[in-house]
Number of protein chains: 4
Amino acid sequence: MNGSTIKLSHAQFDEIMQERLPFADMLGLRLDSIAEDHIVMRSCVEQQHLRPGGTVAGPVMMGLADAAIYALILSRIGPVELAVTTNLSINFLRKPEPADLLARATMLKLGKRLAIAETSIYSITLDSDPVAHAVATYSIPPAA
Amino acid sequence: MNGSTIKLSHAQFDEIMQERLPFADMLGLRLDSIAEDHIVMRSCVEQQHLRPGGTVAGPVMMGLADAAIYALILSRIGPVELAVTTNLSINFLRKPEPADLLARATMLKLGKRLAIAETSIYSITLDSDPVAHAVATYSIPPAA
Amino acid sequence: MNGSTIKLSHAQFDEIMQERLPFADMLGLRLDSIAEDHIVMRSCVEQQHLRPGGTVAGPVMMGLADAAIYALILSRIGPVELAVTTNLSINFLRKPEPADLLARATMLKLGKRLAIAETSIYSITLDSDPVAHAVATYSIPPAA
Amino acid sequence: MNGSTIKLSHAQFDEIMQERLPFADMLGLRLDSIAEDHIVMRSCVEQQHLRPGGTVAGPVMMGLADAAIYALILSRIGPVELAVTTNLSINFLRKPEPADLLARATMLKLGKRLAIAETSIYSITLDSDPVAHAVATYSIPPAA
């Protein structure tokens, strides 16, 4: 991650989420912070995000992971909205209680055509152990 | 899949989705059919499921894949709602047009503790080529 | 897979394996057949491929899966040796007995830059149930 | 990783590798170090581990990743040789030069039935950027 500068502001990403990613609202997604080497995305968990067992539904965590990595990549390459996920693999590690989730995403490789990143998802009720971990590959359009 | 009988009716799964999986409604999920060796789940795609590029958002397809495999497993083991995904890996193959998606799920292995299944997702606008393909592992609680 | 013609002969692939892929020999790999819509690769399992439990070691199956998909892709695009795996995800389903394995690989998507394929691995001692299943993405060099 | 003690010595793992995992020798695997929160496994890369492009063959890195995670798990639960991989997902990030590789593995979750861990693989010729990253799930037998 040698000295990459941030190429997308918090406000720019909020605008993309609000205007172009309606499912982000369904999942209660909100960008928390953009830093030089990682970003943090939050899911504000509500009743409609739960599943049997009193825990958060898997698709909510998958959507959070995907959005966190999308934000990370756009923060590195600029507002290239057409970057698309080609592959995502997620492991569910612990059942989170019905409370907000935080996804911390870091880059594994930022290439010209492919970007690969990982994210650990934490529950705000559980300090250090992640509740899920995902790795995703994004395809970056040639124009970018 | 040697002669396994169906242990969950279409109506039973609809009830689980409606009462216990509120995100299924957000994603427009609807069980299409349960057969001896596969199930089909539909996502009724609407405006809020789209993303930049005029295509369906990845999390919608991830949620559809997960729900299709959940339905498949419950159709084999009965209404064990506490079965949970431990791992899901998805590849996005083609950008689907904004139209309904169909996930066809089949079992790879149904064990006592773990079930592994795959699903291909098709767009109703595209005949034979899948738009996404996922494999997921579910953990089955000991009680089941 | 609409009418794609085979662009690599059995003999050509054998030559690539023998001259350029020394690990193929370590894993006992041998191309069985190339067909219009799939290929079959065999691993001739010997003592050095086993692990505790009297079963075949995971890395042997991973190598077989990767080689089967490599052969499938080259059979579709010609002898582009520099095609490289970017991602591989494998599920181990059943413990194979110490006997030859057969990997049957089929294409999920053949694009210009990325090819995605899946393979089921079977033991010759077990008729219909796969012992492993893998999905891999290959990056195809621009020159190809 | 709250204060887990190491339950397998370096010598014990070497013995398991030498006596029970013959493919470890084929892949040039050698345990480098076991620490409280991670282990490091080396692959001594030789001519037979290369592939077209002058780089290390994918199956060598897959075998290294799998063995590193196996060693990590055994270092936490003791010499439970029958622990088996149920799922492994690997991303190849950069083409390593023909030189030794080091896999650093850390635990994501150590449960009673399943353990999930990740590993980054580094080339000794490249300081900080990983050449591959893998996540694997192991199933731990009930007896353990």
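**View 1. The contact between chain C and chain B.** The contact draws 11 residues from chain C and 11 residues from chain B, two residues being in contact if their C-beta atoms, placed from the backbone, lie within 7 Å. On the side of chain C that touches chain B, the elements that give two or more residues are β5 (84-92), β6 (101-110) and β8 (132-139) of chain C. Helices (H or I, at least four residues) and strands (E, at least two) are DSSP runs, numbered from the N terminus. The largest share of this side, 3 residues, comes from β8(C). This is a predicted model, in which local features need pLDDT of at least 70 and side-chain atom pairs count only at pLDDT 80 or more, while totals for chains, interfaces and linings use all residues. Residues are numbered from 1 along each chain as its sequence is written, and chains are lettered from A and ligands numbered from 1 in the order in which they are written.

**View 2. The contact between chain D and chain C.** Chain D and chain C contribute 30 residues each to their contact. α2 (22-26), α3 and β5 (84-92) of chain D are the elements that give two or more residues to the side of chain D that touches chain C. Of these, β5(D) gives the most, with 9 residues. 100% of the interface residues of chain D are also interface residues in chain C, so the copies meet through the same surface.

**View 3. The axis relating chain C and chain D.**

**View 4. The paired strands β5(C) and β5(D).** These strands run antiparallel and are joined by 5 bridges; two strands pair if DSSP finds at least two bridges between them. C:Asn91 has D:Asn87 of β5(D) as its bridge partner.

**View 5. The packing of α3(C) against α3(D).** Helix α3 (residues 58-77) of chain C and helix α3 (residues 58-77) of chain D pack at about 150°, with their axes 9 Å apart. Axes are lines fitted to C-alpha atoms, for helices over the stretch in contact, and angles run from 0 to 180 degrees between N-to-C directions. The two helices are therefore roughly antiparallel (an angle over 145 degrees). Residues making the contact include C:Met62 and C:Asp66 of α3(C) and D:Met62 and D:Asp66 of α3(D).

Note on methods:
Angles under 35 degrees count as roughly parallel, over 145 as roughly antiparallel, 65 to 115 as roughly perpendicular and the rest as oblique.
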